[in-house]
Each structure stands twice: as structure tokens, then as C-alpha cells.
Amino acid sequence: MKTSQSDSLGRQVRVAWVIAVKDVRTYYTRPASIMFGVLFPFSLFLSFSIGRNIPAAAQIPILLAQTLFFASSSIGPVTIPTERGTRTFDRFLTAPVSLLTVLMGKTLAGLIFGVGISIIPIVVGVIFFASHITNVAALIVCMALSALGFSAMGIMFASMPGQGPGEVMMPLNFVRIPLLFISGVYVPVGELPSWGQALSLLSPLTHTIELARYALGGEAFFGPAANIIILGAYTAAFLFVGIRFHIMTQRKD
Amino acid sequence: MVGVYAIKVSNLTKRFGHLVAVDHIGFEVNKGEIFGFLGPNGAGKTTTIRMLTGMSIPTEGTAAIMGFDIQRQSVKAKEQMGIVPDISNVYNELSAWDNLIFTGRLYDVPKIYRESRAEELLKMFGLYDRRGEKVRGFSRGMKRRICITMALMNRSSVLFLDEPTSGLDVQSVLVIRDTIRRLNQQGLAIFLTTHNMEEASQMCDRIAIINHGRIAAIDTPEKLRRTARSVQSVEVAFEAPPEDALKELRKLPSVSEVTKTGDKFRLYTDEPSSVLESTWKYVQSNGLKLVTVNTLSPSLEDVFIRLTGIRPATGNEKQPTQNLDELRRQGSLGGSNR
């Protein structure tokens, strides 16, 4: 009896989806994960917005971007080191799928979680602060692409050789926290000096905030096309580096 | 695939810095064969399995599963295999059923086969009634059985088993051994690592012994035993042995080594008849009374000890009493290193 279906792109997509569903079920639906995904970006947002003379509706894109950023990139980094510890990650390495498929599955789980959680700030904005979604397509692209990119970033850090579940958060936060300061969260990109604008161009979070502003009636300093291209390029780069990290681990193990 | 080996390993090497964990090993496993892979702790068994199954990338050399190179044709090669690693890497937070279904989906087994196969395997291993329970609450033996069922979900051609019965209760050991035999009779090639010499001797068609990352011998259990002629022995017990019996027995002609276990002395030799004669003279000249006398063929454990210098039961290492080249001259130890 031949039980395996054709070795095709479709098969790799199916398996990536299976891994994503398993991860969502196993890791992302834990109460602690959901509470972290909701509370951390809101707390961060309130600590920055309370007392500042900025209209609440104008702050919703920032809340949305921060939620996408932290929700998508926080749980994934725990999964791979945990699975390495229990040796269940070996199941992926010995399964007839590529490393890209495995990492795409893990990234998809982060995407599902990030998009799911980031619906909350949109609902809050629309209902309580009279935010208007002026470009639905841009909002969908913003949420999907940003969640994918930030999830891939978390998975890349999780793939670093020799990292335990606790250890991986330090280098990740070493990158994530500074990104808040150069991405137009506290000071809009247009008001930054030219070197600051150049720096913010390099941050993926800048492009999420820009796309969110664009979707909610604001302006994107670098333009939505540039935002989409740069977020897409970062996603590919994070996955590529993540795969290289796994290959390094396989050479050392 | 006619004529293709189930597993073919050439010049396989793994280095960790300056340490050579696996040193240019080569061997073949035939289709439908149970191939034992024995060695002391740290000899390179698990590192070899990790390279053969794609978990680890070799430093040098190649390995092919059913003709597919594990590095260059990894997806095809991995389709052919099932793996039971040395620890039961099951998903504790999933039920027994979900563990199997997830594995089936990971191997892209179509739904209709996935569910019937999961049911068949859980029944085969006596776990069907507990299929809905989370694996977290299962005993070690039950988790081991789940791990084996997961390895069988994709109906592979080659099954890797790394210490499948280690530390399990008797019931689980018997179920697992019986299943391995049945699967093998259905044509599955099995690559089995074990510390249990009796298990290897009873189950394996051929055995490779690895030590310090190198293949020390490959042959059938019976031929391996015959190869080590110098580990034939005469076992004697005296009614009231003198205090210096061990020392005096070592002086007897043709005796290479004497060990004492309980009240029995075991005299190793390649000429049992000569040792029997000299033992009888020793008994007479010292006015002793014999309780038992047995001549013993070398066990697989004896061969293992000779080749590795390690007694598996105690883990005490001693120098090999006979080097590999000497054993090769005596018999026909197989395997290759570079």
C-alpha cells in the first residue's frame, strides 16, 4: 500500500499547516500565552500614551503595530528550544519534509496568533476611539505580512544553536526593545533627523506602523509599496538565517 | 529497488572538535534483516543513528536508505524510515490517538489510512482503550510503546530502534520484542542498538560491534561467538576451595584468564580439553572435591568484552585482552574502517 501522497509543493504546504495547527494548539492557546499577547502590548502602549497630547485614534496604529510585533514574536522562540529539550524537534528533522517547511509551519503558528490577537486593538480603536479603516486591503496586508515577519524573526532567534527556552529571550529582547525607539513609535519618522530616518528604514517595525497608519487613514512616510517589499524581504531573510542556524546545529550535534 | 541495500554506509565520520565520535565506518544492512548495533556507552551508536536518520549532518562519508542518500535525497530517504530514538520523544500534551494522527499527518499519510493505521497499531500494542488519554500520564513502558507506534505510522521499509527495551518492565519488553519479530517477518529491515547481549543474540541476523567510533566486528551472532575461540571456558566449583585457588588456577597451562563469580571459577582458554585435564590434576594433587564442571562456549557478551574491554553488566572498563587484529586473524570479523 502506498500511503504517502506526491512529493510536491502541496505536500510541503500541508505539512507546514499541520505543524502550525499543532503548535497553536499546544503552545499558543495556553492562558499564559494569550494573556501575554494581549496585556504586554497594551501595557507598553499605555505607558507611552498616557499623559501625551496625541489623539487616541492616532495612537491605534501604534497599538496595532506593537501588538503584532510582540504577540507574533514572543511564543515561537520558546517552542523550538522546548522541543529540542524534549527531543520532539527531532521528529521534524526525521520527517520527510524540508527545514523550510518546518520553519514555515512554526512561523505560520505565530502568524495565526499575532493576527488573532491584533484584532483586539482594531476593535478597541473602531468602537471606542472612532478609528476609521480607510483601506481594508492595506490593513489585511499589514497584519498578515507583519505577523509573518515578526513570527519568522522569533523563530530565527529560537533556531540559534545551543539556546534554552529562557536563554533565547535575552538576545531577542536585545533586538526588539531598541527597535521601538527607531521605528516611529515615540517620534513619527517624518520628524526624525535624516540619519534617524535612514535607521528607521532598516527596522521592520517601522513598516508595520507605516502600513497600519496608511490603512487607518494616515500617511506612510516611505510609502506602502516600500513597506510591503521591506517586510517581505525581512521575512525571507529571517527564514533563511533560521535554516542556516538549524544546519549549524545539525553539523554540531 | 532490487539489489539495493536497506542501509548502506560508506566512510561515515563525525567529529566534535578534536573528538572523532564516529571514525570512517562502513557497512550494509540487507532488506528484511535485523541488524544489531552494539557498543559500550560513548562508542558512537547514537551518533551513527542520528546521522543515518538525518538528525545530524556527517563530517564525512555517506549513508543511503533504500538507495536514497540521506543528505542529497533526504525527503525520499526519510520516507523510507521510521525512528524510535533512545528516549521516548512523544508529545505529552497530546493524547495517544493525537500523537499517532499528528505523526501520520507529518508523513502526509492520507486520512483514510491514517486513522485505520492508528487504530491497528494502538490495538497491536494494547493501548487502544487508552487512546483518548494524554500521554503525560502514561508509564515509561507505555510511552515507549507509543513511540514505536508513531515510528510505524508511515509503513516504512527500515525501522531504527535505539535501545527500544532499555529500562522497561518485562511485559513491555516482551510486547516490543514480539512486535519487532513480527514486523521483520513482514519484510521490514530493522536497525537495532541495544546494550542487552541476550536480546541482540536472540533477535539479530547480524551484529556490528562499535567501539571508540570504529567498527570492531560485523557478523552473525553465531560466527562472532565462534570467532572468539580463546574465550571458550571451563567452569568449575569446589566443595571447599583453598584460599589461593584463584592464583593457582591461573598457573595452569593453556589458561589465559580466571574469574571468580560466586562459588564458581571460570577458566578462559582456547583448549578446553587440556584445561580439563590440568584442572583434574590440580584437584587430585590438592585433595579437593569437585562440585560442578562445565565447558562453556563463548557468549556474545564474551565477544563484546574481548572487543571493547568493557563488561556490560558492570560498566567496569578494562583493557581488551585481545586486540582486534588478533581476532581478525583468528576468524573473519567483518566491517570496515577507512
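The largest nonpolar core holds 147 residues, and B:Ile7, B:Ile65, B:Val158, B:Phe160, B:Ile190, B:Phe191 and B:Ile209 have the most contacts inside it. Helix α7 (residues 136-158) of chain A gives this core its largest share, 13 residues. This is a predicted model: local features need pLDDT of at least 70, side-chain atom pairs count only at pLDDT 80 or more, and totals for chains, interfaces and linings use all residues. Residues are numbered from 1 along each chain as its sequence is written, while chains are lettered from A and ligands numbered from 1 in the order in which they are written.

**Cores**
- A nonpolar core is a set of buried Ala, Val, Leu, Ile, Met, Phe, Trp, Tyr and Cys residues joined through C-beta atoms within 7 Å; buried means 20 or more other C-beta atoms within 10 Å of a residue's own, with C-beta atoms placed from the backbone.
- Another core, of 8 residues, lies apart from the largest one and includes B:Leu249, B:Val258, B:Leu267 and B:Tyr268.
- Of the 338 residues in chain B, 46% are buried.

**The open sheet**
- Chain B has 12 helices and 15 strands, taken as DSSP runs (H or I, at least four residues; E, at least two) and numbered from the N terminus.
- Four of chain B's strands make an open, antiparallel sheet in the order β12-β13-β11-β14; strands pair if DSSP finds at least two bridges between them.
- At the edges are β12 (255-261) and β14 (290-296) of chain B, each pairing on one side only.
- Strand β11 (residues 232-238) of chain B is joined to β14(B) by 6 bridges, and B:Val236 stands opposite B:Val293 in β14(B).

How values were computed. A residue is buried if 20 or more other C-beta atoms lie within 10 Å of its own, exposed if 12 or fewer, and partly exposed in between; C-beta atoms are placed from the backbone.
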